[in-house]
Amino acid sequence: MAIGNMVGASVRRHEDPKLVSGAGTYVDDIKLPGMLYIGIARSPYAHARVTGLDTSGLDGQKGVVARITGEDVRKRQRAPLPISWIVPPDIKTPEHWAMATGVVRYIGEPVAAIAVEDRYAVEDALDMLNIDFDPLPVVTGVEEALKEGAPLVHEELGTNQAYKFSVATGNDLDEAFSNADVVVKQRLVNQRLAPVSIETRGIVAQYNKASNELTMWSSTQTPHLTKHHVAEMLGIPEHNVRVIAPDVGGGFGSKLNLLPEDFIVPYMAIVTGRPVKWIESRTENLMNTVHGRDMVDYIEIAAMSDGTITGLRANIYANLGAYCRFFAAGLPVLAGLMLPGNYKIPAFGVDIYTAYTNTLFIDAYRGAGRPEATYAIERTLDILADELGMDPAELRRKNFVKEEDWPFTSAAGLAYDSGNYVPTLDKALEMAGYMESRARQQEHNASNPRVRKGIGLAAYVEIAGWGPGQATKGLGVTNQLFGSATVRVDRSGTVEVLAGASGHGQGHTTSWAQIAADQLGIGHEQVKVYEGDTAMIQTGTGTFASRSVSVDGAGVHIAAQKVRDKVLRIAAHQLEVDPADLVLSNGMITVKGMPLSEDVVAAGKLQTPEAAEEPAPPRSVSFNDIAHSANTGHDLPPGEEPGLNETAFFDPVNFTYPFGVHIAEVDVDTETGETTITRYVAVDDCGNVINPMIVDGQVHGGVAQGVAQALWEEVVYDENGQLITGTLMDYAVPFSSDLPNIETGATITPSPVNPLGVKGVGEAGTIAATPVIVNAVVDALSGLGVRHIDMPLRPEKVWKAIHENG
Amino acid sequence: MKQKVSINVNGVQREDEVEPRTLLVHYIRETLGLTGTHIGCDTSQCGACTVHLDGTAVKSCTIFAVQADGSQVTTIEGIAGDSTEMHPMQTAFWEQHGLQCGYCTPGMIMSAASLLKDNPHPTEQEIRHGLEGNICRCTGYHNIVKAVRAAAGEEVNATSNRGEMMPTK
């Protein structure tokens with residue numbers, strides 16, 4: 001089916017006038033009469049026994065309305081915090097309750113909570129709590145946690161290992177490696193990161209005791225999943241829980257989860273009988289909202305002297321933190337399954353080991369498993385190219401899956417939806433002026449200058465569009481992932497779209513309007529989009545894993561098609577023609593090629609109250625007139641239901657596999673170790689594009705986060721499990737002066753798995769950028785004997801690498 | 001012990017009693033109900049709370065309300081003044097897609113407007129340096145820089161080079 005002219009346009013965003021005016025409504029902007037403020041007392045130890053918890057200091061403290069401890073929570077919480085991805089089936093998971101009882105297992109684990117009348121008095125009251133801890137031995141690193149004799153995070157499991165999972169496919173791996181001309185090996189650290197949405201998490205909860213109804217305003221990416229699990233944890237019927245995600249100030253995966261506060265805050269609303277608000281401080285955010293990554297890869301590639309890859313094997317060690325969170329178990333598996341990347345790998349094997357440690361739980365952060373895979377393969381390919389003396393671009397070209405290889409199933413067994421990698425590489429090379437830059441670089445570095453130039457390149461393919469129901473069930477995902485959309489038209493002809501995604505900066509309000517308007521033949525301004533209210537939206541999955549456009553967006557397209565079909569049926573009846581003979585565009589339904597019979601006009605069937613004085617032009621009727629007919633029940637075809645309101649649930653047949661090639665140029669100062677990005681080119685193929693301006697914006701932001709991982713960001717714990725990076729003074733989120741302009745380009749390879757042909761783009765930049773930057777820095781230093789530096793490439797680390805080798 | 005403050009906020013003279021420890025940002029948000037000024041960190045890094053104090057951009061989380069006594073404060077709600085139109089910086093952010101989640105945006109716009117007041121025709125590097133006090137996690141700053149350039153009257157290419165759409169199956 002064709003996509004019309006409304007899709008593919010850089011429409012200015014509908015959501016922006018209020019946001020640039022300070023008129024948005026984020027959770028902290030909500031104020032209810034009698035509202036109390038929640039404070040949470042948290043463990044200052046990474047592993048300790050709680051030996052005393054004395055709350056008597058709060059007695060008589062002005063404004064303190066309620067206090068709860070782990071014992072209260074344990075009595076009231078009906079189900080532990082949910083794990084939504086159980087993989088592999090034999091994974092060992094400890095029960096995760098919202099508050100510690102007896103033992104704390106990470107810095108910041110909740111041990112008590114209070115509800116206080118005044119926001120400032122919360123901090124005063126928290127100081128009145130007297131909690132004693134008896135410290136226990138701590139383990140923070142995944143490889144240490146798996147060693148014999150490591151302190152056990154959960155004694156009842158008898159081990160720190162959550163699971164071991166192996167995949168081996170294709171030719172015999174040992175044979176591939178023993179017959180190879182070249183074998184390269186590398187240990188790669190994918191350091192722990194903090195997502196750092198600029199709005200921290202926050203929850204307002206209100207409980208109606210008489211009706212047993214709970215309303216929760218939450219800064220979440222997944223209102224419907226939150227509703228289900230909060231109901232389950234509180235033992236309230238699910239239909240009595242309403243979750244509203246108002247304007248949400250970024251998430252990057254960190255707000256898709258169910259975390260302790262998702263129980264503690266609504267429970268406090270029940271305990272106090274008053275509305276309550278909890279707003280996370282930035283330190284709580286860095287300490288207690290999920291972290292991402294924290295994997296160590298040992299990767300080996302076997303190749304022939306002409307660059308043909310013959311085998312790839314890897315061991316992945318993934319830190320889960322103190323508990324297994326929502327999607328966490330699946331991320332190392334994804335990191336393993338996506339290792340083959342854009343390449344044909346005849347022999348493939350990966351062993352994945354995961355462990356619990358006394359650190360914050362790891363879970364989805366922008367890319368979630370795919371950046372780790374892409375970094376590992378793309379970094380190692382550069383090492384191979386160096387070993388072979390081959391240009392990195394040509395090594396990739398040689399091993400790419402080619403257009404003629406489709407339908408293609410990767411070495412890890414994933415059937416890629418569509419792809420064509422060579423033109424994307426060529427476009428990136430052309431945009432970057434790669435050949436000329438190489439020549440300039442070589443000339444420049446030949447004189448061994450203080451500031452050396454490097455060029456880095458990486459290709460990526462990711463798995464997005466989560467996702468197909470049966471396939472994700474097979475992978476162990478327990479929640480729904482299908483798309484959901486309602487398109488309804490009211491009597492005046494304005495259109496509402498209710499979608500099951502839950503945007504928090506991605507511009508859904510605009511893109512979905514474009515998709516619906518395109519099918520309805522009206523202007524996008526005539527369409528208003530609603531998301532994020534479980535009482536209003538039929539059902540939903542939320543926004544994460546680059547899934548919204550290819551799943552819920554496709555749902556909007558299908559629901560709008562259903563509305564369009566009904567509009568045409570009603571119009572056909574009124575115009576006495578066949579629906580197939582009608583054209584719907586510019587707000588009018590017109591007959592193609594057939595004259596309108598006079599009796600239709602004479603009977604006044606085209607006339608609506610608004611149009612009574614002016615007879616409608618022959619052979620046409622307006623969209624708004626049909627909306628009026630449908631919503632009054634007037635002049636409908638026999639048997640046609642009144643109303644103009646259609647819903648679609650869309651379950652794609654496969655994931656989507658967006659891909660691209662990014663290239664960066666850097667200057668590395670060998671005396672300071674400082675890296676400056678002088679150029680960044682991103683060519684991404686995310687299939688068809690609804691709004692190019694928004695897609696570019698997604699790429700910019702994604703690249704920024706990937707660059708930040710490569711150069712600056714790292715969550716650091718000391719040997720006692722104490723968090724060193726607990727404020728934005730210590731955790732190095734980039735400033736405007738740190739980042740380059742980003743030149744974007746595209747190739748377009750439509751996806752066959754959804755009617756829009758889209759693939760998704762939310763995580764692409766983050767996935768590509770880390771290997772691009774590290775490859776560029778190592779390339780700059782290659783003449784100095786530097787083969788690899790682990791991220792983040794902060795100046796002192798780069799300086800040391802230069803001087804250790806020099 | 002509460003103290004009396006008299007602050008002109010967005011052209012309206014306010015008289016309130018505040019605790020001495022009340023931060024200006026909390027006074028603006030909680031006492032006055034002007035929730036367009038946001039809070040994004042505890043340590044004055046993020047700049048989401050930026051307002052104009054007597055015409056200069058300041059982080060309202062670093063100032064006590066009592067310190068603003070007798071001053072004029074402009075927040076995002078008042079930046080357009082009496083005009084029914086948006087402030088040119090607001091329009092530029094909208095047109096150049098200089099925001100995604102919108103949370104840092106009010107503070108970013110306040111800083112950017114102050115930057116152009118001091119330096120009406122900044123270079124790109126001056127813009128990037130001038131906005132160092134404001135963190136955005138969504139945009140990578142690319143379109144924010146474009147928005148400031150546009151607001152400064154520069155011709156900014158708003159088109160994308162993503163190519164033509166292809167037919168779908």
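Student: What does the secondary structure of chain B come to?
Tutor: This is a predicted model, by the way. Chain B has five helices and five strands.

Student: And which pattern does chain B follow along the sequence?
Tutor: Reading along, you get β-β-α-β-β-β-α-α-α-α.

Student: How much of chain B is buried?
Tutor: Of its 169 residues, 56% are buried. The C-alpha atoms fill a box of roughly 70 × 35 × 30 Å along the principal axes.

Student: OK, helices now. How do α2(B) and α3(B) cross?
Tutor: Helix α2 of chain B covers residues 88-95 and helix α3 of chain B covers residues 105-118. Their axes come within 9 Å and cross at roughly 125 degrees. Angles of 65 to 115 degrees count as roughly perpendicular and those over 145 as roughly antiparallel, so α2(B) and α3(B) are oblique to each other.

Student: Is that crossing left-handed or right-handed, and which residues make the contact?
Tutor: The crossing of α2(B) and α3(B) is right-handed. On α2(B) the contact is made by B:Met89, B:Gln90 and B:Phe93. On α3(B) it's B:Thr105, B:Ile109, B:Ala112 and B:Ala113.

Student: Switching topic: how many residues of chain A are in contact with chain B?
Tutor: 62 residues of chain A are in contact with 54 residues of chain B. α19(A) gives the most to chain A's side, with ten residues.

Student: Let's stay in chain A. What order do the strands of the open sheet with four strands have?
Tutor: The order is β21-β20-β19-β25 in chain A, with mixed pairing. The edge strands are β21 (527-530) and β25 (645-650) of chain A, and each pairs on one side only.

Student: Do β19(A) and β25(A) run parallel or antiparallel?
Tutor: Antiparallel, with six bridges joining them. One bridge partner pair is A:Val487 with A:Glu646 in β25(A).

Student: Which helix packs on that sheet?
Tutor: That's helix α16 of chain A, residues 548-575, which touches β19, β20 and β25 of chain A. The direction of α16(A) makes about 35 degrees with that of β19(A).

Student: Last one: how do β10(A) and β11(A) run, parallel or antiparallel?
Tutor: Parallel, and four bridges join them. Between β10(A) and β11(A) the chain crosses through helix α6 of chain A, residues 223-234, in a right-handed β-α-β crossover.

Definitions and conventions: Residues numbered from 1 in each chain as written. Chains lettered and ligands numbered in written order. Predicted model: local features only at pLDDT ≥ 70, side-chain atom pairs only at ≥ 80, totals over all residues. Pairing = 2+ DSSP bridges. Helix = DSSP H or I, 4+ residues; strand = E, 2+ residues; numbered from the N terminus. Right-handed = clockwise from strand over helix to strand, strands pointing away. Buried ≥ 20, exposed ≤ 12 C-beta atoms within 10 Å, placed from the backbone. Axes fitted to C-alpha atoms, helices over the stretch in contact; angles between N-to-C directions. Parallel < 35°, antiparallel > 145°, perpendicular 65-115°, else oblique. Left-handed = near helix turned anticlockwise from the far one by under 90°. Contact = placed C-beta atoms within 7 Å.
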